[in-house]
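Me: I have a protein model to go through with you. Can we take it step by step?

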Amino acid sequence: MSAESLTYLLVGILAFGFLIPKILEFLQVLRPVPEVPTTLSQYVTQAKLLEAKAYQKDNFRFKLIAGTFSFVFTLVFITQGWFGAIDSWLGGFGLPPLLVSVAFFALIFIGSDLLSLPFDYYSTFVIEEKYGFNKTSRLTFFVDKLKGYVLSILVGGSLLLVFLSLIHYMGEDFWWQFWMVASVFMVLVNLGYTAWILPLFNTLTPLEEGEVKEKLLRYAAEVQFPLTHIVVMDGSKRSFKANAFFSGFGKRKKVVLYDTLLEQHPPDEVVAVLAHEIGHYKKKHLKWGMLISCLEVGLLLYLLSLVLFSKEMSTALGGSSWSAHLNILGFTMLFTPLSMVLGIGMNWMSRVHEFQADAFAKESYAGKPLAEALKTLSVKTLSTINPHPWYVFFTYSHPPLLQRLARLEK
Ligand SMILES: [Zn+2]
């Protein structure tokens, strides 16, 4: 394919990647506000549903503006060959090719982050604030940003360095070599998430003795789940949203409960939420998820290896000669449609897993408290109760609330 047609293809894919999600969101916004279903009548009022719709519309408008901004920006960069211009400019310093690649990605990262910063800020302090979700102080927001940068530079930077070194020094074999590195890294992050990463952003304290802990331990013993570490995370520092999750494999498993979960839900509901999480564990969803992610990374790297050494891709982005980083950038754009298809598959699997975890909680504990917990959670987060089926198909990692309730309350 000639460089010129490749440029057109990239522009086409960029437009496709921008329009499809917007069309789906628009379909979602157009859904009328339904009557309050009987199962939710204790939890939600018509006014609350109208508020949820207003929240959805505000978010849609905001994301449309933010998305259009970044779309136009990228479009100009591609059609004007500015990515290539940055590459030529960096190349002029006489640095080794590896460092030119590192500097290129550092610039792109800083640039795109600075551009999205005002949008992040607006979303948190104007939209989330308006609907009473935001609890983040401006200090926490900026400190989070800074910690995020340090983490990106240390972790992302070293991974990028390994990745680019393999490309520059190993040539075509880079893909399976980096696949090995990335897989080990993913397993390590999963093992150490609560021990190393979470404490950087949150305070974790062991769960206090009391009714909740007793009930959790009794249930865990009944389903023969070795529950030793239960910690409470100060999720309330940032938002009202409540949650619980697991991290680690084998003996190092840790259950993390948001403080908001403990504050807003009676002990039975906390146990039911944990039962759902244990369901994920018992049905091996975490391991499957891990395996599939590893395979996906392998596929991605293999496909990259097919594009990486093409001179046309560099030219298509305005480069004057072959450049690894221009080609990686071009590949990430080229990959968009396939990544959408893979995303649909992953979401579908995730929804199936959610139903299975719900069913496990219902069988091993009870359906009702989980249903109650879901209702409270959804009402608080103003989630849509009649999502558009296409929107669900493409983007929902969890089944819609009413479908889950129907199975839990059956
Ligand atoms: Zn789940």
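Reply: Start with a term: helices are DSSP runs of at least four residues, numbered from the N terminus. Leucine 377 sits in one of them, spanning residues 367-380. Keep in mind that the model is predicted. That helix is H14.

Me: Is leucine 377 buried or exposed?

Reply: A residue is buried if 20 or more other C-beta atoms lie within 10 Å of its own. Leucine 377 has 21 such neighbours, so it counts as buried.

Me: Where does the largest nonpolar core lie?

Reply: This core has 30 residues, and Ala272, Leu274, Ala275 and Leu370 touch the most other members. Its largest share, 7 residues, comes from H9. Both domains give residues to the core, so it lies between domain 1 and domain 2.

Me: Which residues does leucine 274 touch, not counting those up to four places away in sequence?

Reply: Contact here needs C-beta atoms within 7 Å. Leaving out residues up to four places away in sequence, leucine 274 touches Leu216, Ala244 and Val255.

How values were computed: Residues are numbered from 1 along each chain as its sequence is written. This is a predicted model: local features need pLDDT of at least 70, side-chain atom pairs count only at pLDDT 80 or more; totals for chains, interfaces and linings use all residues. Helices (H or I, at least four residues) and strands (E, at least two) are DSSP runs, numbered from the N terminus. A residue is buried if 20 or more other C-beta atoms lie within 10 Å of its own, exposed if 12 or fewer, and partly exposed in between; C-beta atoms are placed from the backbone. A nonpolar core is a set of buried Ala, Val, Leu, Ile, Met, Phe, Trp, Tyr and Cys residues joined through C-beta atoms within 7 Å. Domain bounds come from an automatic or database domain assignment. Two residues are in contact if their C-beta atoms, placed from the backbone, lie within 7 Å.
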